[in-house]
Amino acid sequence: MATTLRSIRGVVPLLDRILVQRMKAEAKTASGLYIPEKNVEKLSEAKVLAVGPGALDKDGKRIIPSVAPGDKVLIPPFGGSTVKIGDEDYLLFRDSEILAKLTDEM
């Protein structure tokens, strides 16, 4: 049974799960040519939209997730759970599955 939600606000990640939206690849080359949508590869960059409160360790203490809403992260090319909201696809990952947090210092 598939559920389509009307709003992203209706998704609250639990435990150490992180809701991300994959960033769209540039569909235009540096010289101004447009690339057909089917030829544009999926980027491994995503924006964090929501973060769960964190998982519990064996002593019952909360482990705070390493990212926060608004962060840009690197995600694996495969994996995660897809959540469809309207026409958009979002992904849920565990905190340990996020590969890296991107900063503007590059």
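Look for V20: its bridge partner in strand 7 is L91. This is a predicted model, in which local features need pLDDT of at least 70 and side-chain atom pairs count only at pLDDT 80 or more, while totals for chains, interfaces and linings use all residues. Residues are numbered from 1 along each chain as its sequence is written, and side-chain values use heavy atoms, with hydrogens and water left out.

**How the strands pair**
- Strands (E, at least two residues) are DSSP runs, numbered from the N terminus.
- Strand 1 pairs with strand 7 (residues 88-94) in the antiparallel sense, over 4 bridges; to pair, two strands need at least two bridges found by DSSP.

- You will find L15 in the segment before strand 1 (17-22).
- L15 counts as partly exposed because its relative accessibility is 40% (partly exposed lies between buried, under 20% relative accessible area, and exposed, over 50%, using a 1.4 Å probe and protein chains only).
- Leaving aside residues up to four places away in sequence, L15 touches G52, P53, G54, A55 and R62, where contact means heavy atoms within 4.5 Å.
- R62 is 47 residues from L15 along the chain, yet their C-alpha atoms are separated by 9.0 Å.

- K24 sits in the loop between strand 1 and strand 2 (45-51).
- With 66% relative accessibility, K24 counts as exposed.
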